[in-house]
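The structure goes in here, and my notes follow.

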Amino acid sequence: MRYGANKIVLPNNIETFDKEETQRGWAEMIQELSNTEYDMLVLDEIHVALDMKLLQQYQYFDFLKDKSKDLEVISTGRVTDKALMQKIELASDLHTD
């Protein structure tokens with residue numbers, strides 16, 4: 001599933017729509033995972049959403065903590081916040097930056 005505008009979102013051009021789309025996508029992902037059994041989930045560019053605060057860190061890290069042990073999560077994206085990257089490294093099954 002893909003969400004958001006057809007543009008590159010940077011810290012200086014974040015709009016309310018970008019935050020709303022991130023939250024809509026997150027909610028739909030949670031709903032989909034509750035209805036169907038998956039063994040892998042790829043969250044492409046999720047690190048960017050966390051770094052730019054489009055998605056709250058607690059949402060992501062609570063999800064990782066509470067997910068099924070049978071679900072492998074692959075997360076990607078660049079992060080400027082070194083503390084955030086360390087948290088991602090500790091919590092992830094597989095991540096790239």
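**Ground rules**

I count a contact when heavy atoms lie within 4.5 Å. With that I looked up Thr-96: leaving aside neighbours within four places in sequence, Thr-96 is in contact with His-47, Ser-75, Thr-76 and Gly-77.

I noted that this is a predicted model, where local features need pLDDT of at least 70 and side-chain atom pairs count only at pLDDT 80 or more, while totals for chains, interfaces and linings use all residues. I number residues from 1 along each chain as its sequence is written, and side-chain values use heavy atoms, with hydrogens and water left out.

**Overall layout**

I took helices (H or I, at least four residues) and strands (E, at least two) as DSSP runs, numbered from the N terminus. The chain comes to four helices and three strands, and from the N terminus on I read the order as α-β-α-α-β-α-β.

Next I checked the radius of gyration, taken over C-alpha atoms, against the globule rule of 2.2 Å times the number of residues to the power 0.38. For 97 residues a compact globule would have a value near 13 Å, and the chain has 13 Å, so the two agree. Along its principal axes the C-alpha trace spans about 40 × 30 × 20 Å.

Among contacts in the chain with a separation of 6 or more, residues 24 or more positions apart account for 59%.

**Surface and charge**

For accessible areas I used the Shrake-Rupley method with a 1.4 Å probe; for residues, only the protein chains shown count as cover. The accessible surface of the chain comes to about 6,700 Å², and carbon and sulfur atoms hold 50% of that.

I call a residue buried under 20% relative accessible area, exposed over 50% and partly exposed in between (1.4 Å probe, protein chains only). Buried residues make up 34% of the 97 residues.

For charges I counted Lys and Arg as positive and Asp and Glu as negative, leaving out His and the chain ends. I placed each charge at NZ of Lys, CZ of Arg, CG of Asp or CD of Glu. The chain has 11 positive and 19 negative side chains, and the centres of the two sets lie 6 Å apart.

**The core**

Which residues have the most contacts inside the largest nonpolar core? My term covers a set of buried Ala, Val, Leu, Ile, Met, Phe, Trp, Tyr and Cys residues joined through side-chain atoms within 4.5 Å. The largest such core has 20 residues, and Trp-26, Leu-43, Tyr-60, Phe-63 and Ile-88 have the most contacts inside it. At least two core residues come from each of α1 (16-35), β1 (40-43), α2 (46-51), α3 (57-66) and α4 (82-91). Helix α3 gives the most, with four residues. I jotted down the background too: in soluble globular proteins, nonpolar side chains tend to be buried together.

**Helix α3**

I listed the buried residues of α3 as Gln-59, Tyr-60, Phe-61, Phe-63 and Leu-64. Their cover includes α1, β1, α2, β2 (72-75) and α4.

- Phe-63 is in contact with Trp-26, Met-29, Ile-30, Leu-33, Leu-41, Tyr-58, Leu-71 and Val-73, leaving aside neighbours within four places in sequence.
- Leu-64 is buried, because its relative accessible area is 9%. With neighbours within four places left aside, Leu-64 is in contact with Val-73 and Ala-91.
- Gln-57 is also found in α3, but is partly exposed at 24%. Not counting residues up to four places away, Gln-57 touches Leu-50, Leu-84 and Lys-87.

**Loops and the chain end**

Where is Asp-44? I found Asp-44 in the loop between β1 and α2, and exposed, with a relative accessible area of 57%.

I then looked for positive phi values. Most residues other than glycine have a negative phi.

- Glu-45 has a phi near 65 degrees. Glu-45 sits in the loop between β1 and α2 and is partly exposed at 42% relative accessibility.
- Lys-53 has a positive phi of about 65 degrees although it is not a glycine. Lys-53 lies in the loop between α2 and α3 and is exposed at 54%.

Last, I went back to Thr-96, in the segment after β3 (94-95). Thr-96 is partly exposed, with a relative accessible area of 41%. Thr-96 and Glu-15 are 81 residues apart in sequence and 26 Å apart in space, C-alpha to C-alpha.
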